[in-house]
Amino acid sequence: MALTLCDVGPRDGLQNEPEMLASSVRAELVNKLAAAGLRRIEAVSFVRDDRIPQMAGAEEVAAAIERDGVEYAGLVLNEQGFGRLRATGLDRANVTLGATDTFNRRNGNASLAEAKARVERILAEADRPTTATISVAFGCPFEGEVDPGVVLELAGKLEADELVLADTIGVATPSAVRSLVERVGALGKPVGFHGHNTRNTGYANALVALEAGATVLDASIGGLGGCPYAPRATGNIATEDLVYLLEGEGVETGVDLGALVEVSQWLETLLGRQLEGQVYRAGVSAVVSP
């Protein structure tokens, strides 16, 4: 099965930024990523404006996206959010819940059991492809290490089209990622990995996830991101850095690395600070065989 790179910068990346970018600017970011060759982009999050004001105006962003064969996804946390997504005509619904009770209470004001029931209701009524992302699948900022068996059991109960394992606070190491991706993959559904680079293991984890059978890898342009409800969580792995790594390892991505670098440079100017990604600062150079 072909690899799908999903850029989550317009959603997971921007939701943790202090700047409130206008809907038109966020739509421009989505369109620039599509033009660079990303075939899936998580464009918006359908959440309450007072909880995550950076994601306000999701409908306006969706309306300004240039539909050109790219699969556009939106994050939803409840039935109201899914209703909003359905009205926009976005292509994929990403539902999410945490692997621990405390994280769900902090992130969605619900217990794990309540969050699971809510996700199951959304999946049951979904009329388009779905992704279920299990947050804090490798470690929780409130409860510590997460039992892989708990994650596996939870994944087995979710009737989504694909399952994504999220290292929300960037604590995973390659052996843990390999094991959990393989175990969840044995359930018979496509598996993805969403990595954060908090402890500088994100890229190694993504490569191992791919070797273990993952067919979806999330990344964020420029390494933007974090989690408003996860203390000390830092950015996602940078899309351009991941593309550089994959292409160097012989994995075709179909993405124009130079164009991605230009998007990060544009974002740096827009946000007024240096981003976390490395490749856009170091420059793109050909990989020379020894």
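Setting aside neighbours within four places in sequence, R183 is in contact (heavy atoms within 4.5 Å) with P148, G149 and L152. This is a predicted model, where local features need pLDDT of at least 70, side-chain atom pairs count only at pLDDT 80 or more, and totals for chains, interfaces and linings use all residues. Residues are numbered from 1 along each chain as its sequence is written, and side-chain values use heavy atoms, with hydrogens and water left out. Helices (H or I, at least four residues) and strands (E, at least two) are DSSP runs, numbered from the N terminus.

**R183**
- R183 sits in helix α8.
- With a relative accessible area of 37%, R183 counts as partly exposed; the scale here is buried under 20%, exposed over 50% and partly exposed in between, using a 1.4 Å probe and protein chains only.
- Between R183 and T102, which are 81 residues apart along the chain, the C-alpha separation is 24 Å.

- Strand β1 (residues 4-7) pairs with β2 in the parallel sense over 2 bridges, and C6 has R40 of β2 as its bridge partner.

- How many residues of β3 are buried? For this strand (residues 71-76), the count is 6 of 6.
- Side chains in a regular strand alternate between the two faces of the sheet.
- In β3, E71, A73 and L75 lie on one side and Y72, G74 and V76 on the other, and both faces are covered.
- On the β2 side (residues 40-46), the parallel pairing with β3 runs over 6 bridges, with E42 partnered by A73.
- Towards β4 (residues 92-98), β3 pairs in the parallel sense over 4 bridges, and G74 stands opposite A93.
- Two right-handed β-α-β units involve β3: one is β2, helix α3 (residues 58-64) and β3, and the other is β3, helix α4 (residues 79-88) and β4.
- Right-handed here means that, with the strands pointing away from the viewer, the path from the first strand over the helix to the second runs clockwise.

**Helix α9**
- Helix α9 (residues 202-211) has 7 of its 10 residues buried, so the rest of the structure largely encloses it.
- The buried residues are G202, Y203, N205, A206, L207, V208 and A209.
- They pack against β8 (162-167), α8 (174-185), β9 (191-195), β10 (216-219) and α10 (239-248).
- After α9 comes G213, with a positive phi near 115 degrees.

**Helices α2 and α11**
- Helix α2 (residues 23-35) and helix α11 (residues 257-271) pack at about 160 degrees, and their axes are 10 Å apart.
- The contact uses V25, E28, L29, K32 and L33 of α2, and L260, V263, W266, L267 and L270 of α11.
- The two helices are therefore roughly antiparallel; under 35 degrees counts as roughly parallel, over 145 as roughly antiparallel, 65 to 115 as roughly perpendicular and the rest as oblique.
- Their crossing is left-handed, meaning the near helix is turned anticlockwise from the far one by less than a right angle.

Terms used:
Two strands pair if DSSP finds at least two bridges between them. Axes are lines fitted to C-alpha atoms, for helices over the stretch in contact, and angles run from 0 to 180 degrees between N-to-C directions.
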